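Hello,

The sequence and structure are below. My notes on what turned up follow them.

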Amino acid sequence: MFERQWRHFDSELSRLKLELAYFLRRDGKGSFELADCEVKSNWVRVPAERAKRSPFLDGLHPQDLRRLAEAYYEQVVKRKTVIMAAVIDKRYLLEYMNHEQLHKKAYELLLERIQHYMREYHAKHQALIVMDDTSTQLNRAVAMKHALFQRAGNQNMSFPSIVEYPFFTRSELSNGVQLADLLAYNVYHAFRYEEFDYPYFKRTLRNVYRRGDGSDLAGLKVWPNESPLVVAARKAWADEKGSGE
């Protein structure tokens, strides 16, 4: 998301959350601050998880819950958000790869997408990375990988457009991280179940970074290359491109 759009994006979502929190307080369902109003895909989709993890979301009327979730997707369109995602097919990986290695590989693939995008569309600008604060160990591992890429690049490219170390923040404190969670589940669902007609995946596919000539859905990377999901991703892109013409 371009930096000038960030304040509008964050303000609109926060205002809606505070409005809904006011309704809940008025109805005697609790008092909630913004940090209590976190949106996660799992909580929105699964009533049992919502009841266990989020008194705020659980207290909302169904129409208000839908309104809040839709507000995030509306922001994708309004702010011309560019989406990038990496899909790793674990069926085609060596058994020794653990969670941390997979996380770092996915991060590397995303950095490549970001650098390609910045070089093509915003060559005079630079990008900052904001990430969910998951664990000290994983944060450190990702930050050290990031530092290595900044110094020496990887085997494919250098990363002059990406500055600083990644900024880690708790998801409940960032509407941007919450949006990323919603979008990440949509990609996961489409590829995990090979349901590329999944409505929430299809509605945001147009916002995935593509080459300027429209020839390539460059923002969606499937790895490793021998995974059959590579072909599936290309077909999903071809179908979406054809439907828009």
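**Charged pairs**

Asp-27 is partly exposed, with a relative accessible area of 39%; buried stands for under 20%, exposed for over 50%, and partly exposed for what lies in between (1.4 Å probe, protein chains only). This is a predicted model, in which local features need pLDDT of at least 70 and side-chain atom pairs count only at pLDDT 80 or more, while totals for chains, interfaces and linings use all residues. Residues are numbered from 1 along each chain as its sequence is written, and side-chain values use heavy atoms, with hydrogens and water left out.

The side chain of Asp-27 forms a salt bridge with that of Arg-26 (3.2 Å, N to O), and Arg-26 is exposed at 53%. A salt bridge here is a side-chain nitrogen of Lys or Arg within 4 Å of a carboxyl oxygen of Asp or Glu. By this rule there are 14 salt bridges. Another one pairs Glu-12 with Arg-79 (2.5 Å, N to O). That pair links distant parts of the chain, 67 residues apart: Glu-12 is in helix α1 and Arg-79 in the loop between α5 and β1. Helices (H or I, at least four residues) and strands (E, at least two) are DSSP runs, numbered from the N terminus. Glu-12 is partly exposed at 25% relative accessibility, whereas Arg-79 is buried at 10%. Lys-202 and Asp-197 also meet in a salt bridge (3.9 Å, N to O); Lys-202 is partly exposed at 44% and Asp-197 is exposed at 61%. Salt bridges with shared partners join Glu-12, Lys-78 and Arg-79 into one network.

**Nonpolar cores and a surface patch**

The largest nonpolar core has 43 residues, and those touching the most other members are Phe-56, Leu-57, Leu-60, Leu-68, Phe-191, Phe-201 and Leu-220. A nonpolar core is a set of buried Ala, Val, Leu, Ile, Met, Phe, Trp, Tyr and Cys residues joined through side-chain atoms within 4.5 Å. Elements that each supply at least two residues include α1 (3-26), α5 (62-78), α8 (175-192) and β4 (220-223). The most, 7 residues, come from α8. A second, separate core of 16 residues includes Ile-114, Tyr-117, Ile-162 and Ala-218.

Val-130 lies in strand β2 (residues 130-132) and is exposed at 52%.

Asp-89 sits in the loop between β1 (85-88) and α6 (99-121) and is buried at 4% relative accessibility. Its side chain makes polar contacts with the side chains of Arg-91 (2.7 Å) and Ser-227 (2.6 Å). A polar contact is a pair of N or O atoms within 3.5 Å; within protein, one must be able to donate a hydrogen and the other to accept it, and residues adjacent in sequence count only if both atoms are side-chain atoms.

Trp-223 and Pro-224 are joined by a cis peptide bond, with omega about 5 degrees. Lys-80 has a positive phi near 50 degrees, and so does Glu-194, with phi near 50 degrees. Most residues other than glycine have a negative phi, and most peptide bonds are trans.

Regards
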